[in-house]
Structure formats: structure tokens, C-alpha cells
Amino acid sequence: MASASASRRFFVGGNWKMHGNKESISTLCSAWADAKTDERVEVVIGAPAIYLDFLRKHLRKDFATAAQNCYKVSSGAFTGETSPSMIKDVGANWVIIGHSERRHIFHESNEIIGEKVSHVLESGLSVIACVGELLEEREANKTQEIVELQMRSIAENVMDWTRVVIAYEPVWAIGTGKTATPEQAQDVHATIRSWLSANVNQDVAQSTRIIYGGSVKPSNSTELAKKGDVDGFLVGGASLKPDFVDIINSKL
């Protein structure tokens, strides 16, 4: 289907994973404070939950913040978990749900990921919902099958697509130094958009932002950003560096 990327605001998310401390966060926030960034780009920084409040107080106001995970209910006897209401209370607007490290290290199923998406949206926050295949799944030509299965569990739990960004992250490219080629990324993003058109509706397909994650860095972001169905990035290690702003400015 035809892409309409000009109508979708470019989105760049940083996922710090389990990295950072007050000193490093302060240093990054200072480095970014006066950096020139493309005003057309929506920027969201995903920090460890324990630092979300600290980050919000030091981060420039035009950058939003995100939790990297949450649980599916607002409160209760769930030791070690964080709820969307708590995330909202410390000034964050977004939650990353279904990252491959949650799926494959912590064994989160499509079902639990769908339930989390539902509760995050019910709580008034926005979702960066992640999908992506393992290397063996790609080599077995199962990329489309796996991604569409993951998309179904997400879509069944979305009541407001304006607060959802889909992040395609091929697991074999996360933290490995390997990056999907711009053509590989575009191919899967177009598949996801076609799936949305067929299974949700064409308006949602055209308006939903589909971003790419997997060893994105300043040296490859410009070429990836040229693809019509690549609406931004979810950036891991490179979002912990001052030159993350170069990725934000990939469309300049």
C-alpha cells in the first residue's frame, strides 16, 4: 500500500535499558539542553523507572519521558512491579511494552503484552509497542508470521491508535552491531502497515507511526530515515551519548 510518511510526525525514542545514574543523566541532560534539534520530531526518553522523576526534572521540556515496562493493573501485591498510574505520577507520558528483552529474557507472552498495552492506554498514557523476530525465525522465512502474530495481540487491546507507536526491532540486530538494511526495515514496516490496513482500517494504517530499532546510530540513521514507512527510531546504546541529537536530526 502507498505510504503517507509526510503526514506522520517523525518519532525518536531512546531506550536506556538498565544503564545510567544521576551523574550520567545530569551530564546527558546538560549536553542536550542547548543542542539544536529538529522541531518536527517527537522525542521520548525511556529511563529506568527509579530515575524517571530525576530525569523529568533535568530533561529539556520538549523531550518526553517513558517507562521501559509496567504491570497490567494499577496497584496490588505485585512485588517489584510498577503501575501506569505510578509512571504517570512522576511525569512520564509513555511506556515501552513488549521489548524483545522482556519477551525473551523475562518470558512475557503475547497475551500478557496485550494486557499491558490495554491497561497503559486505559490509564491515559501512550505506548511504544515492540515487535520483532529472532535470527532463526528470519532465516526460516517466518518474519511476517511472527510479526503479524505479535501485532494481533497488540491490536486486540488498542482502543485509541493515536496513542500507539509500533517499534519493529529485529532481535538479531539489537545490541549486536548488526543493523537491518534500509530495504529490510522498509519491507517489514510496509508489511505491518498492510496488516493494519487489512485488520484494523486504512486510516489507522496510514496514521500509525512505525519506528525501527536495532543498532541505530548516527552513521546509519539518515539512510534508514529516507524510507517511506520508517517513521522514526527506538534507539538503545546510542541514546546514552550526546550525539543522540544527530539521530533526532536524521531528517534535516
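The legends below describe close-up views of a predicted model.

**View 1. The largest pocket and its lining.**
The largest pocket holds about 510 Å³ of space. Its lining is made of 18 residues. A49, Q68, N69, R102 and F106 are the closest of these to the pocket centre. Sorted by class, the lining of the largest pocket has 8 nonpolar, 6 polar and 4 charged residues.

**View 2. The second largest pocket and its lining.**
This view turns to the second largest pocket, with about 360 Å³ of space. Here 23 residues form the lining. Those closest to the centre are G175, S215, G236, G237 and A238. The class count for the second largest pocket is 8 nonpolar, 10 polar and 5 charged.

**View 3. Helix α5 packed with helix α7.**
Helix α5 covers residues 110–122, and helix α7 covers residues 143–155. The two helices pack at an angle of about 35°. Their axes lie 8 Å apart. The crossing of α5 and α7 is right-handed. On the α5 side, the residues in contact are N110, G114 and V117. On the α7 side, they are L149, Q150, S153 and I154. By class, this contact of α5 with α7 has 3 nonpolar and 4 polar residues, and no charged ones.

**View 4. H119 in helix α5.**
H119 sits in helix α5. Its relative accessible area is 12%, under the 20% limit, so H119 counts as buried. Leaving aside neighbours within four places in sequence, H119 is in contact with Y71, K72, V73, S74 and P84.

**View 5. K17 in the loop between β1 and α1.**
K17 belongs to the loop that runs between β1 (11–15) and α1 (22–33). K17 is not a glycine, yet its phi is positive, near 55°.

**View 6. N141 in the loop between α6 and α7.**
N141 is placed in the loop between α6 (135–139) and α7. Phi of N141 is positive, at about 60°, although N141 is not a glycine. With a relative accessible area of 73%, over the 50% limit, N141 is therefore exposed.

L135 lies in helix α6. L135 has a relative accessible area of 36%; this falls between the 20% and 50% limits, so L135 is partly exposed. L135 and V171 are 36 residues apart in sequence. In space the C-alpha to C-alpha distance of L135 and V171 is 6.8 Å.

V235 is part of strand β8, residues 232–235. At 1% relative accessibility, V235 is under the 20% limit and so counts as buried. Leaving aside neighbours within four places in sequence, V235 is in contact with V12, G13, G14, N15, V216, F244 and I247.

Definitions and conventions. Residues numbered from 1 in each chain as written. Predicted model: local features only at pLDDT ≥ 70, side-chain atom pairs only at ≥ 80, totals over all residues. Heavy atoms only, no water. 1 Å grid on protein atoms, 1.4 Å probe; cavity = no way out; pocket = protein on both sides within 12 Å on 5 of 7 lines; lining within 4 Å. Points joined across faces, edges and corners; volume = space filled by probe spheres on them. Nonpolar A, V, L, I, M, F, W, Y, C, P; charged D, E, K, R; others polar. Axes fitted to C-alpha atoms, helices over the stretch in contact; angles between N-to-C directions. Helix = DSSP H or I, 4+ residues; strand = E, 2+ residues; numbered from the N terminus. Left-handed = near helix turned anticlockwise from the far one by under 90°. Contact = heavy atoms within 4.5 Å. Buried < 20%, exposed > 50% of the residue type's maximum accessible area, 1.4 Å probe, protein only.
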